[in-house]
Amino acid sequence: MSEQERVFVGGGELGALMRALDWRETALGPVEHWSAALRIGVSTLLASPQPMGLYWGPEFVHLYNDAYRSLIGDKHPALGRPSREVFQEFWDLVGPMLARVRETMHACSVENQRVLLDRHGFLEECFYTWSYVPTRDERGDFAGILVTGGETTRQVLGERRFTAIRELSIHTARDTTPDAVFQSVERALAPHGPTDLPFVLLYRVEQERAALRVCTGLGRGDAQAPAHVALADPAPVWPLAEVLASGQERLVEVPPGRAAGPEGATRALLLPLSLGGEAGRETGVLVTAVLVVGLSPRLPLDASYRDFLSLLARQVAADVARARASQEERLRLERLAELDRAKTAFFSNISHEFRTPLTLMLGPVEDALADPDTPLALVHRERLALVHRNGLRLFKLVNSLLGFARMEAGRATLHPQATDLAVFTAELVSHFESAFQRAGLTLGTHLPPLTGPVWVDPAAWETIVFNLLSNALKYTLEGGVTVRLVQEGAEAVLTVRDTGAGIPPGALSRVFERFQRVEGTRARSDEGSGIGLFLVHELTRLQGGSVTASSAEGQGTTFTVRLPLGTAPRTQEREAGRDAPVAPAVTPYLEEIQGWLAPVLPPPQPSGSTPRARVLVVDDNADMRAYLAGILRASFEVSLAEDGARALEVARQEAPALILSDVMMPRLGGFGLLRAVRATPELQAVPFLLLSARAGEEASVEGLEAGADDYMVKPFGARELLARVRAHLDLARLRREVSLAEGREATLREAVHARDDFLSVASHELKTPLAALRLQLETLERMLPAEVRVHAGERIFSVRRQIQRLASLIETMLDVSLVASGRLRIKRQPVDLAVLVADSVAQVREEMARHDCALTFESEASLPGELDALRVSQLVQNLLSNAARYGTGRPVLVRLGRVDGRARLEVVDHGIGVKPEDRERIFHRFERAVSVRHYGGLGLGLWVSRQVVEAHGGSITVSDTPGGGATLTVELPLHTAEA
C-alpha cells in the first residue's frame, strides 16, 4: 500500500478523489511530506458523516468530505484549491473572518449566514451555519481551520415565506370588501420584493378585459404593469387569457432587456385565481383573476418555491372570497333592514288608510241596524249583521297592524296610570262571559285586591287581556279558562290558563314572535295574523314586565304576565309628544269570536219531488259557512263541516255530489282533505273545489296540481260560485255517463273476447271427431266389396266432400279466433313461392274441374323468399275457391311474377265481378257483395286472406277483369337478399 493510500483511507467518493489526485501540483505538496497534524485532520474529515471542510495553511487550501459536496454544487471538485478561488464571489465576506480566526487562534461561528453562491450557474441565495475552529501543528503554530456545520437555506426560506403568509393574513383579517383586501395585499407583500417576490400583479376579469387590482415592485401603469389588459389582445404583456381559459399556472420568460422589479426578475409565474362573485356566476367561469408573480433570480424554482406561491395565491383568493361574502352579507342585511323599514311604513300607512273607509262602512251599517223608524226584513237584517260583524273583525285587524307598525318603527308610546288592576281586569274579563257560555266553556276568575295601584297603560292592558282571552277561547274546545291576578313580591302576576289543545314543544319558544301561528293544532279557526301574542309580549315589555308561556299538548296552556309595582316608569315619558296607540274596543274581539261559533242557520227550503245534489261545505269560519250555505240552499242540499277531519267523516258516511272546502283550517286543512278524498276509492270521482284568500296564478296552480277540480279566490260573488258548482256537477254527471258507456264497452269487448276464445276452443274440439269421421269413412270404403263400392261411390264421394267442407269451415273459424284475439303469427321460412303456389293450384284442380272451371297457371321458374308456407297455401286456396264460386263454367287464370322486388300473385276470373262500392267491404268479416248473397258462404274467406297478406307485410286488392269478372291481386315482400 502506498503512502497516499494509507493517508486517504475510506471517505467514499471524496476519499477516492483524494487518493487519485496528484498532490504535488497543489500548495500542500506531496503526501509524503505532509505533517502529522494534516494527516490527522484529513483522517477526521473523511471519517465524519456530517458536512466538514478543512482550510489548510496560509492560503486556506480547500479539503472536504462527501457530506460537504452538496453544499458547493457545481464547484465540485475543488480539492487542493485555495478557498479564495473556490469562494471568490463572497470572499470579501468569508476571507476576513478566516483571517481573524488565524490571527486570534479563537474559534468563531455564524448562524444562517446569507451568501450568494454560484453553485448552479447563477448567484444563488444560500444560508449556512458554520463553526470555524483553528488547528495547530506539532510546534503549536497555526496550521489550518476545521469547518463544521451545514446549509440552512431551506429552513430560513421556509420561515421567511411563512412570515409573508402570516403578515398577509394579519393585514387582511379585518377587511370587509374586496378593494380593501387588494390594498392590504399590496401593503403586506411589498416588503418581500427584494427576496421572494420581486413584483406581484393581480389582474381581475371584468367582462372582456382584466383590471389591475394589486401592484408591488413595479410602477402601476408601467409597460409591464398596465392598468388594463384586453383579453382578446393578440400580443399581450402577460398571457392572461390563456391562463383564464386553461385554469393552469404558466411560467413565462421576461423578454431580454426588460427584467422587472428591484432584483431584475427574468421569469414570472402566472397563477389562476377563483375570486367568485357576480362575474363568475354570470359567465360560468371558475377562474376570475390571475396572479402574476415575479420570480427571484437568486432562487431556483423548486417545489418549495412553487408551494409557497400556490399557498400565497390561495390565501389571496380566500381573503377576497371572505371579504366578498362579508360584503354581500352586509348588503343583504341592509336590504333586509330597508325592506323591514319599508314594510313597517307600509303597515302604518295602510292601516291609517283602511280606517277611513272602514268607518264609512261600519257607520251606515250600524245606523241601519239601530234605526227604529225603518224596520228591516229578517233576511236583510241577518245580511247586514254579517257585514257588520266581519267589518269589526277587519277593524280589529287594522288596529293590530297599526300597533305592530308603531312598535316596529319604535314609535309606540304608553301613558301609564295608577290603576286598581284587579277591578279593571275583572271588568275586562266580564265582557267575555256570554261568549264563553255560548261556546259551552267555563270562565273562572280569581282576582283578589292588590296592596296598591299598579302603573299600567289602560289601553295596553286591554290589548293584553283581550288577546289572551280570545286566544284561549279559540284553542279550547271543552273545559274552560281560568283568569288569576295575584301579587307576588313586588310584581302583579296575571295568569290565563286554559284546557285547550296545548302548544307543541317545538313551537312554544316562538309563540311570541311576529306572524307566528301554531300550525296543525285543533282550534275553532285557523284564521289569524300571528300578531296578537307579539303585541302582548311587546306591550308587556314596554311596561317593564315579562310574559311567558307553558304548555302540555292535549292538556292546555298557561300564559303568565308579570308587571312591576311602583311609580310610573320614566322610560314611558321619552316620547310624550307622540300619539298614543288607539285603545282597542272589546266589540271587535267578541264579533270575531262569534264568527268562530256555529251561527243559527235558516231552516232548509223544502225539497220538491226531484232529488237535489248534496254539496258538502267545509270552512272553519262559522260566518263563511252560513254565507255559503245561504247561497247554495236554494239549489242544492247542503251539509256543513267546521274542518277537514269532520268533513272526511261526513263524506265517508254518505258521498256528497261535490265538496267545497277552505284551504286554511285547523286539524286537517283543505289540501290534506283533498289528498284523503282522492285516496278514498268511493270518493275519488267527487268534484272538489278549493276556496282560499291566497290570490295569484301560483296559488291557483298549486291547488289544481294538488288534484282540485277548481280553485276560487276570496272574495267571490254568489253568482260565480253557483255557476262553478253547477258546471262541475254537470261535468261530474257527464263523466259518470262516459264511465258507464266505457263500462258497457268493456263488457262488450269482454264478450267478444270470450266468443273468440270459444271459437278457438270449439274449433280445436271439432277437429278431433271430424278427423275420426274421415278415417272411419276411409276404413268403411276399403271394407266394402268392389261391386258395392261401385254403386255407393257417388254417395261416398259426396260424404267425403261434405267432410272436407266441414273441415274447411272449422279451419276458418279457428283462423277467425286467432285474428280477432291478435294471436295470428306468421312463421317465416325459406320457400320457393313458385313451387308453393304450383302445389296449391294442383290441390284445387279437381275441385275447379267439378265447377267446370278451366284453370291456367303462369309463373316464373323460381321465386325464393321467406314466407309462411302453410298460410300462403291457405291464401291461394281461398282465392281459387272464391273464383270458382263466383265464376262457374268460366276459365280462371293464376299468374305469379316479380314486380319491383315483390312477388305479385293475380287470380283472374271471368265471373260476375265486384261492383266498385263493394270492393272494400268484401274484405271485412262476415261481408259479401249484396248481389251475391244467394251464392252462400260465411263471408270470411277474403277477410282471413287479407289478414294473412297484411301479416306478411303485403297488400290485397280487387279490380275489374277486361271483358268481365274480377281480378284479385296480392303483393308480398320476399324478404331475401336478392329481393
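Helices (H or I, at least four residues) and strands (E, at least two) are DSSP runs, numbered from the N terminus. By that rule, Met105 sits in the loop between α6 (91-104) and β3 (108-118).

The model is predicted, so local features need pLDDT of at least 70 and side-chain atom pairs count only at pLDDT 80 or more, while totals for chains, interfaces and linings use all residues. Residues are numbered from 1 along each chain as its sequence is written, and side-chain values use heavy atoms, with hydrogens and water left out.

Start with the whole chain. The protein has 27 helices and 30 strands. Of its 979 residues, 44% count as buried. Buried means under 20% relative accessible area, exposed over 50%, and partly exposed in between (1.4 Å probe, protein chains only). Contact means heavy atoms within 4.5 Å. Among contacts with a separation of 6 or more, 64% come from residues 24 or more positions apart.

Return to Met105. This residue is not a glycine, yet its phi is positive, about 55°. Met105 counts as buried, at 17% relative accessibility. Asn112 also has a positive phi, near 50°, and is a residue other than glycine. Asn112 lies in strand β3. Its relative accessible area is 34%, which makes Asn112 partly exposed.

Now the loop between α4 (66-72) and α5 (83-86), where Lys75 is found. Is Lys75 buried or exposed? Lys75 is buried, with a relative accessible area of 15%. Its side chain makes a polar contact of 3.1 Å with the side chain of Glu89. A polar contact is a pair of N or O atoms within 3.5 Å; within protein, one must be able to donate a hydrogen and the other to accept it, and residues adjacent in sequence count only if both atoms are side-chain atoms. Leaving aside residues up to four places away in sequence, Lys75 touches Arg81, Val86, Glu89, Leu117 and Asp118. Pro77 lies in the loop between α4 and α5. A cis peptide bond links His76 to Pro77, with omega about 0°.

Next, a helix pair. The axes of α7 (residues 153-172) and α8 (residues 178-189) come within 9 Å and cross at roughly 145°. Axes are lines fitted to C-alpha atoms, for helices over the stretch in contact, and angles run from 0 to 180 degrees between N-to-C directions. On the α7 side, Glu167, Leu168, His171 and Thr172 meet Val181, Ser184, Val185, Arg187 and Ala188 of α8.

Helix α8 also lies across β6 (200-206) and β7 (209-216), running at about 40° to β7. These strands belong to an open sheet of six, ordered β8-β7-β6-β11-β10-β9, with antiparallel pairing. Two strands pair if DSSP finds at least two bridges between them. The edges are β8 (228-230) and β9 (250-253); each has a single partner strand, so one side of each is left without a neighbour in the sheet. The twist averages 25° from one strand to the next.

Move on to a second open sheet. Five strands run in the order β25-β27-β28-β30-β29, and the pairing is mixed. Its edge strands are β25 (855-859) and β29, each pairing on one side only. The twist averages 15° from one strand to the next.

How many residues of strand β30 (residues 966-973) are buried? Eight of the eight are, so β30 is largely enclosed by the rest of the structure. In a regular strand the side chains alternate between the two faces of the sheet. One side of β30 holds Ala966, Leu968, Val970 and Leu972, the other Thr967, Thr969, Glu971 and Pro973, and all are buried.

Both partners of this strand run antiparallel to it: β28 (residues 902-909) through seven bridges, and β29 (residues 955-960) through six. Leu905 stands opposite Val970 in β30. Thr957 has Thr969 as its bridge partner in β30, and Asp960 stands opposite Ala966. Five residues separate β29 and β30, which form a hairpin; Gly963 in the turn has a positive phi of about 90°.

Helix α25 (residues 833-850) lies across β25, β27 (892-899) and β28, at about 175° to β25. Helix α26 (residues 869-886) lies across β25, β27, β28, β29 and β30, at about 20° to β28.
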